[in-house]
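Good morning, and thank you for coming.

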Amino acid sequence: MRRLFKLIKTFSLWELLMGLMLTVKYFFKSKVTVQYPEERTPNSPRFRGIHALRRYPNGEERCIACKLCEAVCPALAITIEAEPREDGTRRTTSYEIDLFKCVYCGLCEESCPVDSIVLTRFDDYHITQRGQNILTKEKLLAIGDRYEEDLAKDRAEDARYR
């Protein structure tokens, strides 16, 4: 009996009919379309967008060139060159992130002892020319300056949950 039922199910294309019924069910429902530039869907609080380098309130860059982010990066997307300054502290001379290599895992952000490199919530960046995929130190600092208020607010919320 079971074998006969299985045979009838096979020849009647039961799975195909079930799939078509599901299609017909959703065909007549109202569609939900987001008109992207005008309407925005909410991002998760854990969303990881483009990178940024932060500064201290006095304007000095936070990065101390410890190179932990470069060491922890699984995709080897971060390249740092550093040298000591006149006052004896180390600072970066070159800080580059290749966005094509980056997997946006957030390990660089977690490894930074001074909270210098962060991943923002900014998701509207695009690359139109060759070479724009490399974020230099100047570009990263400019992004950090632009979104500092949001970054500080996100850091305060993150600290509350730790």
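A residue is called buried under 20% relative accessible area, exposed over 50%, and partly exposed in between, with a 1.4 Å probe and protein chains only. By that rule C73 is buried, at a relative accessible area of 12%, while C66 is partly exposed, at 34%.

A word on the source. This is a predicted model, in which local features need pLDDT of at least 70 and side-chain atom pairs count only at pLDDT 80 or more, whereas totals for chains, interfaces and linings use all residues. Residues are numbered from 1 along each chain as its sequence is written, and side-chain values use heavy atoms, with hydrogens and water left out.

Let us stay with the cysteines. How many disulfides does a search of the whole structure find? The search finds zero, where a disulfide is a pair of cysteine sulfur atoms within 2.5 Å. For C66, which is in no disulfide, the nearest cysteine sulfur belongs to C112, 5.9 Å away. For C73, the closest cysteine sulfur is that of C105, and because the two sulfurs are 6.1 Å apart, they are too far for a bond.

I turn to the empty space. Rolling a probe the size of a water molecule over the atoms shows where such space is left. On a 1 Å grid over the protein atoms alone, a cavity is a set of points where a 1.4 Å probe fits but cannot get out; a pocket is an open set with protein on both sides within 12 Å along at least five of seven lines; lining residues have an atom within 4 Å of a point. Grid points are joined across faces, edges and corners, and a volume is the space filled by probe spheres set on the points.

Two cavities of 30 Å³ or more are found in the whole structure. The largest cavity has a volume of about 90 Å³. Its lining has 13 residues, and H51, C73, C102, C105 and C108 lie nearest the centre. The second largest cavity has a volume of about 70 Å³. Among the 15 residues that line this second cavity, C63, C66, C69, Y95 and C112 are the closest to its centre.

Finally, the second largest pocket holds about 200 Å³ of space. Its lining includes I50, L99, Y125 and K139. Helix 5, residues 137–146, gives the most to this lining, with three residues; helices here are DSSP runs (H or I, at least four residues), numbered from the N terminus.

Terms used:
Helices (H or I, at least four residues) and strands (E, at least two) are DSSP runs, numbered from the N terminus.
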